2 protein chains.
Amino acid sequence: MLQNGIAKSVLNRLPLYLEYLIDLKEIEGYTGYVSATKIATDLELGEVQVRKDLAFVCKSGKPKLGYNLDALTERIKEYLGCNEPKKAIIVGLGKLGSALFGYEGFEKYGIHIVEGFDLENKEYEHIPIKKFNKENLKEFLKNESIDIGIICVPKNVAQEVCDILVEMNISAIWNFAPIRLKVPKNVLVQNENLAYSLSVISSIITNKQ
Amino acid sequence: MLQNGIAKSVLNRLPLYLEYLIDLKEIEGYTGYVSATKIATDLELGEVQVRKDLAFVCKSGKPKLGYNLDALTERIKEYLGCNEPKKAIIVGLGKLGSALFGYEGFEKYGIHIVEGFDLENKEYEHIPIKKFNKENLKEFLKNESIDIGIICVPKNVAQEVCDILVEMNISAIWNFAPIRLKVPKNVLVQNENLAYSLSVISSIITNKQ
């Protein structure tokens, strides 16, 4: 898939560069310029790949100096939309949903999980979670502008939840239920299945033996 | 990356086929044969892709009938190593580590998370979690045969944990810390960064606008 001419594989590496550049400044106290060679060595990537990847987000570095650290960081943040705050909700506050609800790592990317919904009456660190039912969720989405819906419900209710989100004009869904959701073409679905990832590792071990 | 001639993209889709075939039998009561056309339609994949993917794990289906449902399910399970039980441990029982520790979806793929380690004295649903320190972890790994190490600690200690796992001959690591671990060539590292996934969604929304 291409977004503005950028391959998804490149897009997937941008957060890695960002994390690295932030650490370089904040932890290692690096300032000024950083070369593609240094980035490539530290991240164990090919230098050509680094140059190509970064060319999508900024002009090439200065000869013999490299990229301006602050400018490059800022450009990647901009590209990743970190500077344009986005609101997300989670439906399904089981173990995984709760872990995501409490995870602070998303804020760095400008994403705020503002509300959680669950079938059961729950609270999360003393914050009451909204009761999930069709009316409640629709009512909430009518009054709040939400960018991303995170689905963490069991797979037998995932499509139903998805349909409500789509009906209420949520155009990006992060789906943790092990099911392929049916959505209109203009809705983006990013599927995440942790069991799949682990099974891929397992398969590689099995086939190595 | 290729494993036994199979592309990682194909490998990543095998759990999807497996989940689908199991549901087809258990939920929809389907028996006998299933055609590539039906699989492709239901999963919204191209028929050519389905045939190619499945060719990696089994002989082609019978003309006009398709694949034997049970045989195909079994072959994918075999390929994914579901029939060869594997043991995993988790180091770092924060929110995400705890969610993984309690997740039952891994068992289907033959993966049993047998122990958790944390820096703090914790328990998980009344099961005490082992205290993490270098000696404890090494002692445990000396006596138990563990296939997969799952790293859920903060990034400043992730490399240290990784080094202990490698030293104790763990050859597959599932890493949730936002850091590129340095490992010998024979060690497999699968990186998982949920913030990255979410930032990719965010970026796609930003660049669409």
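In what order do the six strands of the open sheet in chain A stand? The order is β9-β6-β5-β10-β11-β12, and the pairing is parallel. The model discussed here is predicted.

- Strand β5 (residues 86-91) of chain A runs parallel to strand β10 (residues 148-151) of chain A, and four bridges join the two.
- Within this pairing, A:Val91 is found opposite A:Ile151 in β10(A).
- A helix from the other chain packs on this sheet: helix α8 (residues 194-208) of chain B touches β5, β6 (111-118), β10, β11 and β12 of chain A.
- The direction of this helix of chain B makes about 165° with that of β11(A).

**The sheet of chain B**

- Chain B has an open sheet of six strands in the order β9-β6-β5-β10-β11-β12, with parallel pairing.
- Its edge strands are β9 (130-131) and β12 (188-191) of chain B, each of which pairs on one side only.
- Helix α5 (residues 95-102) of chain B packs on the sheet and touches β5, β6 and β10 (148-151) of chain B.
- The direction of helix α5 of chain B makes about 150° with that of β6(B).
- Strand β5 (residues 86-91) and strand β6 (residues 111-118) of chain B run parallel and are joined by six bridges.
- In β6(B), B:Gly116 is the residue that stands opposite B:Ile90.

**The interface between the chains**

- On the side of chain A, 63 residues are in contact with 63 residues of chain B.
- Between chain A and chain B, 16 residue pairs are in polar contact, with both residues at pLDDT 80 or more.
- Several elements of chain A each supply at least two residues of the side that touches chain B, including α1 (8-26), α4 (69-79), β11 (172-175) and α8 (194-208).
- The element that gives the most to this side of chain A is α8(A), with 15 residues.

**Charged pairs**

- Side chains of opposite charge can pair when their charged atoms come close.
- Over all chains, the structure holds 25 salt bridges.
- Five salt bridges are found across the interface of chain A and chain B.
- One salt bridge joins the side chains of B:Lys155 and A:Asp23, with a distance of 2.8 Å from N to O.
- This pair crosses between chains, from helix α7 (residues 155-167) of chain B, which holds B:Lys155, to helix α1 of chain A, which holds A:Asp23.
- Another salt bridge links B:Lys182 with A:Glu44, where the closest N and O atoms are 3.9 Å apart.

**Local features of chain A**

- A:Glu44 lies in the loop between α2 and α3 (47-55) of chain A.
- Although A:Glu44 is not a glycine, it has a positive phi of about 55°.
- A:Lys64 lies in the loop between α3 and β4 (67-68) of chain A.
- The phi of A:Lys64 is near 65°, which is a positive value in a residue other than glycine.

**Aromatic residues**

- The count of aromatic pairs over all chains comes to eight.
- One aromatic cluster is formed by A:Tyr103, A:Phe106, A:Trp174 and A:Phe176.

Methods
Residues numbered from 1 in each chain as written. Chains lettered and ligands numbered in written order. Predicted model: local features only at pLDDT ≥ 70, side-chain atom pairs only at ≥ 80, totals over all residues. Heavy atoms only, no water. Phe/Tyr/Trp six-rings, centres within 6.5 Å; stacked < 30°, edge-to-face > 60°. Pairing = 2+ DSSP bridges. Contact = heavy atoms within 4.5 Å. Axes fitted to C-alpha atoms, helices over the stretch in contact; angles between N-to-C directions. Salt bridge = Lys/Arg side-chain N within 4 Å of Asp/Glu carboxyl O. Polar contact = N/O pair within 3.5 Å; in protein donor to acceptor, adjacent residues only side chain to side chain.
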